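Hi there,

Here is the structure I promised to pass along. Have a look at it first, and then read on for what turned up.

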Amino acid sequence: MRRLRSSEALRDLVRETRLDPKDFILPLFTCPGEGVRRPINSMPGHAQLSVDKLVEECAEARSLGIGGVILFGIPETKDETASGAYADDGIVQQAVRALKREVPKLLVMTDVCNCEYTSHGHCGLVADGDVQNDCTLEWLAKTSVSHARAGADLVAPSDMMDGRVAAIRKALDAAGFLNTPIVSYAAKYASVFYGPFREAAESTPQFGDRRSYQMDPANAREAIREIELDIEEGADMIMVKPAMPYLDIIREARERFPLPLGAYQVSGEFSSLMAAIQNGWLDRDRTILETLTAIRRAGADFMLTYFAKDAARLLS
Ligand code: PBG
């Protein structure tokens, strides 16, 4: 076996998995104000950005050849009904409009969820101590339409309510957005690895947790059912999240379903790797490339990663 590993040129020739900046989607957090770049403590190098700063960041992402961005919003105020999520002048809607004006060729995906917009931090309408499914679908549908109206290229529901893809597809079609694809966070686990994101997006649930809607990390067959349902309901692309602890799910989804498949290397994956990098325990560049290569090798077509800019630079 060592014969084919004897030189860089040979290793290059027989390499089975390659990375391309076009495979990366950069997650970004946008907040009200002007000239704001508020660093996120737990995610070194990342910040909440006001729309003007977001535009600068996205222009840079575009110049690095990154495939696209996914937007999360931090609204001015939160309430019981997540009204900031579907307001026509909501923070994400404003950001999308600005991006489509200033960096029109960059692919803009929007995360569709309510947890950043509810006062209690849950992903939907809370009654009787739990998130109510079907009323939440209405919010998600309205949010998706408002994102599409602002110019979003794709909408990505991450709430894990049952039936959301069908509800969103119906609403988009009715509003004339027949060509806006839905990227479903189809298999999203109730993971400890979202911790740093909740600081970044200010979306920590004020009581309880998300285990009545996100998946149990112990379950693999259930992920297949989730994905099948989302495809039946009209998902155009599917996603597995988190990525590295769930490579088996990515592999299985790849083998079973022909749809474009994404994987989300989430905040806790990024932050724990960064902590080791900053301590000098892991080499930065090799960590970035090896983890993303592993996710791709498992079968992901595209990767949402907080390392998108660094990885793109390493590949150029
Ligand atoms: C919204 C949402 C979350 C993430 C993406 N969309 C947080 C959550 O479910 O608690 C996590 C992303 C990350 O950790 O990087 N529901």
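To start with burial: of the 316 residues of the chain, 54% count as buried. Please keep in mind that this is a predicted model.

On overall form, a compact globule with 316 residues would have a radius of gyration near 20 Å, and the chain agrees with that at 19 Å. The C-alpha trace spans about 65 × 45 × 40 Å along its principal axes. If you count secondary structure, you will find 12 helices and 12 strands.

Two helix pairs may be worth a look on your screen.

The crossing is right-handed. On the α2 side, the residues involved are Val-51, Leu-54, Val-55 and Cys-58, and they meet Ile-91, Gln-94, Ala-95, Ala-98, Leu-99 and Glu-102 of α4. Sorted by class, this contact has eight nonpolar residues, one polar and one charged.

The other pair is α10 (residues 267–278) and α11 (residues 284–298). Here, too, the axes come within 10 Å, but the crossing angle is roughly 155°. An angle over 145 degrees counts as roughly antiparallel, so α10 is roughly antiparallel to α11. The crossing of α10 and α11 is right-handed. From α10, Leu-273, Met-274 and Ile-277 make the contact, while α11 supplies Arg-284, Thr-287 and Thr-291. By class, the α10 contact with α11 has three nonpolar, two polar and one charged residues.

You will find Ala-235 in the loop between α8 (221–233) and β10 (237–241). Is Ala-235 buried or exposed? Its relative accessible area is 9%, and buried means under 20%, so Ala-235 is buried. Leaving aside residues up to four places away in sequence, Ala-235 touches Val-165, Ile-182, Ser-184, Asp-230 and Leu-259. For a sense of distance, Ala-235 and Ser-272 are 37 residues apart in sequence, and their C-alpha atoms are 31 Å apart in space.

Note on methods:
Residues are numbered from 1 along each chain as its sequence is written. This is a predicted model: local features need pLDDT of at least 70, side-chain atom pairs count only at pLDDT 80 or more; totals for chains, interfaces and linings use all residues. Side-chain values use heavy atoms; hydrogens and water are left out. Axes are lines fitted to C-alpha atoms, for helices over the stretch in contact, and angles run from 0 to 180 degrees between N-to-C directions. Helices (H or I, at least four residues) and strands (E, at least two) are DSSP runs, numbered from the N terminus. Angles under 35 degrees count as roughly parallel, over 145 as roughly antiparallel, 65 to 115 as roughly perpendicular and the rest as oblique. A crossing is left-handed if the near helix is turned anticlockwise from the far one by less than a right angle, and right-handed if clockwise. Contact means heavy atoms within 4.5 Å. Ala, Val, Leu, Ile, Met, Phe, Trp, Tyr, Cys and Pro count as nonpolar, Asp, Glu, Lys and Arg as charged, and the others, Gly among them, as polar. The radius of gyration is taken over C-alpha atoms; the globule rule is 2.2 Å times the number of residues to the power 0.38. Buried means under 20% relative accessible area, exposed over 50%, partly exposed in between (1.4 Å probe, protein chains only).
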